[in-house]
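I have a new chain open and my notebook beside me. Here is what I looked up, in the order I looked.

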Amino acid sequence: MRDSEFPCKVVWLVLCQAAAAAAAGFSLSSRSQANISSMLAPQANRVMVLGEWEERWKEDKIGFHQAEVHQMLEKNIDKVLAGRTGVRFFFPLCGKAVDMKWLADMGHSVVGVEISEKAIIQFFKESNLTYSEEPVPAIPGAKVYKSSEKNISLYQCDLYNFSSSIEGQFGAIWDRGSLVAINPKDREKYAALLISLMAKDCRYLLDTLLYNPELYAGPPFFVPDEQVQSLFGNCCDMELLQSQDILTDRHRGWGLDALTENVRLITLKAI
């Protein structure tokens with residue numbers, strides 16, 4: 001080989017290696033996405049419109065509501081707070097979660113979004129809190145209910161009409177029954193919204209469920225670990241805090257033979 005040809009050969013080899021690596025990465029990514037799609041297939045076309053959720057509240061078909069503070073939040077609250085006080089918490093699809101008052105009693109502020117007006121009013125009444133009600137100019141038809149005694153604001157609107165322009169960004173998110181409740185086809189849109197609401201120091205506690213989706217149509221929906229990684233992994237770090245078997249007779253009544261609850265802490269990657 002002549003000396004003049006050597007640099008060209010090196011450049012050509014580097015380009016070939018880069019192309020091979022990119023192709024391998026693309027192939028791996030494609031296989032990964034295909035695997036996720038296969039896992040999600042049984043529930044992929046399952047859709048719940050907002051009116052159905054409102055009907056569930058009106059008919060008190062709210063088996064997902066818990067009368068006590070969720071044990072996963074209690075056990076991991078120190079991880080979420082990380083020594084901070086006066087943290088702003090966001091609750092997507094908040095329902096009437098008693099966790100909101102628990103956090104407010106600790107001196108934190110809470111913003112929630114919920115489609116059911118009944119759920120929001122029940123939260124304030126059952127928490128013995130007075131509240132005010134006002135329209136939200138930035139979201140046509142939406143209302144916000146604000147506690148007079150605690151720093152709690154609950155927005156009655158479609159979650160996807162909410163944005164950081166309404167309440168800014170948050171230092172913490174508690175997602176106990178939201179990602180598992182939204183329609184499976186909306187998860188990428190949902191993840192993008194939640195990431196946009198995260199302040200730089202935000203600590204997002206995410207609760208997901210693993211089970212055989214061929215046995216139960218949902219909701220709550222099956223959310224595989226691989227999809228959580230796909231939704232948040234590019235811009236967030238994730239730590240699995242807890243994973244436990246929570247199968248009960250109620251779940252067996254759904255047709256399930258196994259049910260695992262996973263709780264992760266999600267934080268934005270340092271830039």
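**Around Phe162**

Setting aside sequence neighbours within four places, I find Phe162 in contact with Phe90, Val111, Val113, Ile139, Tyr155, Glu167, Phe170, Leu193 and Leu197. I keep in mind that this is a predicted model.

**The cores**

Next I asked which residues have the most contacts inside the largest nonpolar core. They are Phe90, Tyr155, Phe162, Met198, Tyr204 and Phe232, in a core of 43 residues. I then noted the elements that give two or more residues to this core: α1, β2 (109-114), β6 (170-175), α7, β7 (198-210) and α8. Apart from this core I found another, with 28 residues, including Leu73, Ala104, Phe123 and Tyr145.

**The whole chain**

I stepped back for an overview. The chain has 271 residues, and 44% of them are buried. I count nine helices and nine strands in its secondary structure. Of the contacts between residues at least 6 apart in sequence, 69% join residues at least 24 apart. The accessible surface is about 13800 Å², with 53% of it belonging to carbon and sulfur atoms.

**A pocket**

Then I looked up the second largest pocket, which has a volume of about 190 Å³. Which element gives the most to its lining? It is α1, with four residues. At least two lining residues come from each of α1 (6-40), α7 (187-196) and α8 (225-232). Among the lining residues I marked Gln33, Ile36, Ser37 and Leu40, along with Pro184, Lys185, Arg187 and Glu188. By type, the lining divides into five nonpolar, four polar and three charged residues.

Gly218 and Pro219 are joined by a cis peptide bond, with omega about -5°. The bond from Pro219 to Pro220 is cis too, with omega near 0°. I placed Pro219 in the loop between β7 and α8, and Pro220 is found in the loop between β7 and α8 as well.

Ala82 has phi near 50° and lies in the loop between α3 (71-81) and β1 (88-91). Asn128 has phi near 55° and lies in the loop between α5 (117-126) and β3 (131-135). Is Asn128 buried or exposed? Its relative accessible area is 69%, so Asn128 is exposed. Ala82 has 46% relative accessibility, so I wrote Ala82 down as partly exposed.

How values were computed:
Residues are numbered from 1 along each chain as its sequence is written. This is a predicted model: local features need pLDDT of at least 70, side-chain atom pairs count only at pLDDT 80 or more; totals for chains, interfaces and linings use all residues. Side-chain values use heavy atoms; hydrogens and water are left out. On a 1 Å grid over the protein atoms alone, a cavity is a set of points where a 1.4 Å probe fits but cannot get out, and a pocket is an open set with protein on both sides within 12 Å along at least five of seven lines; lining residues have an atom within 4 Å of a point. Grid points are joined across faces, edges and corners, and a volume is the space filled by probe spheres set on the points. Ala, Val, Leu, Ile, Met, Phe, Trp, Tyr, Cys and Pro count as nonpolar, Asp, Glu, Lys and Arg as charged, and the others, Gly among them, as polar. A nonpolar core is a set of buried Ala, Val, Leu, Ile, Met, Phe, Trp, Tyr and Cys residues joined through side-chain atoms within 4.5 Å. Buried means under 20% relative accessible area, exposed over 50%, partly exposed in between (1.4 Å probe, protein chains only). Contact means heavy atoms within 4.5 Å. Accessible areas come from the Shrake-Rupley method with a 1.4 Å probe; for residues, only the protein chains shown count as cover.
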